[in-house]
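Work through the exercises below with the sequence and the structure at hand. Each task is followed by a solution in steps.

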Amino acid sequence: GTYDSQQVREGTGRTAAGDGAWGWVRPRGQVLAKPGGGFDAVQNTNDNQPTIVTSGVINTVNGQPAVRFIATSLAATNDWMRSATLGNYSSVITTFALFNVTALNDYIYDQGSDRYILYTSSNTMRIYVSADLNDGTQVINTRYLTYALYNTTSSAFTVNTTAYTGSPGAFNTASTITLGAPNALLSTLTMDGNMWEFVTYRSNQSANQANIRSNINSFYNIY
C-alpha cells in the first residue's frame, strides 16, 4: 500500500510533495514509489537497514520523525537503500531532499553510478553528473532542504533559501536510486545522519520547485 502526507510525518508513510514523485518511507526496509510503478527501494539485510524506530520509539529530531542512516567503517554494516533498475535515462532530473549529516564526505543520494548525485565534500555540498556544482560551507547537524535541477547548463541548485547556478555536467545515464550511499557502496562515503524527505522527478520541475520547497518547509520550519 501507499501512505498520505500526514502519515509520513507521523513516521508511517510516504512523502507529501506530489503523486508524480518517487517518494518515501515504510517502517522497515522499504521506500515506496508512485503507486503501480514497481520501483520501490528496499534493503533486505538487517545490518544495512536505516531505521525510523529505535527500541520501539520513533526516531525524532526537533520532535519530527526522521529516518536514521548510520555509517561505519565497514560496508557490510552501513545503512543504505536502493531502488529496482529504473531503466537507462539520460535527460532532465529534478530532486528534492531534506536531511542532516553528522560528518562531511557523505553521499545523500546517487541516481546512477556517480550520476545525478548529491554529496558533501571539503565542507561544501555538491551536485554532480560529470562535473561539480558547489554551494558554500556546510555545517554538520544542521538540516538542509535542497532542490537540484540536473539540466546541463540550465541546471539549478538551492540549499535552503540560497540559490546557486552553474552546470553539474552533461546528461549521463541514470539507472537505480541509492539513498545514503554511492552506487558503489564505498564505506568511506556513506551517509551518517537523518533524512526526512526525498522526492525525485524524471522531468523539469523548475516551475513548481518553489511551491514544493514551501510545502516541505511549512511543516518542518527549516528556514
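## Exercises on strands and rings

**Exercise 1.** Find the strands that pair with S18 and say how they run.

Solution. The model is a predicted one.
- Step 1: Strand S9 (residues 81–83) is joined to S18 by two bridges, and the two run antiparallel.
- Step 2: Across from methionine 81 stands leucine 179 in S18.
- Step 3: Strand S11 (residues 107–112) also pairs with S18 in the antiparallel sense, over three bridges. Here tyrosine 109 stands opposite leucine 179.
- Step 4: As for cover, six of the six residues of S18 (residues 174–179) are buried.

**Exercise 2.** Decide whether asparagine 100 is buried or exposed, and list what it touches.

Solution. 
- Step 1: Asparagine 100 is located in strand S10 (residues 93–101).
- Step 2: Buried means under 20% relative accessible area. Asparagine 100 has 5% relative accessibility, so it counts as buried.
- Step 3: Leaving out residues up to four places away in sequence, asparagine 100 touches Asn141, Thr142, Arg143, Met191, Asp192, Gly193, Asn194 and Trp196.
- Step 4: Arginine 143 lies over the face of tryptophan 196, 5.4 Å from the ring centre.

**Exercise 3.** Classify the aromatic pairs of phenylalanine 96 with tyrosine 147 and of phenylalanine 219 with tyrosine 220.

Solution. 
- Step 1: The count of aromatic pairs is seven.
- Step 2: Phenylalanine 96 and tyrosine 147 are 5.4 Å apart centre to centre, with 25 degrees between the planes, and the pair is stacked.
- Step 3: Phenylalanine 96 belongs to strand S10 and tyrosine 147 to strand S15 (residues 144–150), so the pair ties together parts 51 residues apart in sequence.
- Step 4: The rings of phenylalanine 219 and tyrosine 220 have centres 4.9 Å apart and planes at 85 degrees, so this pair is edge-to-face.
- Step 5: Phenylalanine 96 is buried at 0% relative accessibility, and tyrosine 147 is buried at 3%. Phenylalanine 219 is partly exposed at 28%, whereas tyrosine 220 is buried at 3%.
- Step 6: Ring pairs also link Phe96, Tyr147 and Tyr201 into a cluster.

Technical notes: Residues are numbered from 1 along each chain as its sequence is written. This is a predicted model: local features need pLDDT of at least 70, side-chain atom pairs count only at pLDDT 80 or more; totals for chains, interfaces and linings use all residues. Side-chain values use heavy atoms; hydrogens and water are left out. Helices (H or I, at least four residues) and strands (E, at least two) are DSSP runs, numbered from the N terminus. Buried means under 20% relative accessible area, exposed over 50%, partly exposed in between (1.4 Å probe, protein chains only). Contact means heavy atoms within 4.5 Å. Two strands pair if DSSP finds at least two bridges between them. Rings of Phe, Tyr and Trp (its six-membered ring) pair if their centres lie within 6.5 Å; planes under 30 degrees apart count as stacked, over 60 as edge-to-face and the rest as tilted. A charge sits over a ring if NZ of Lys or CZ of Arg is within 6 Å of the ring centre and within 35 degrees of the ring normal.
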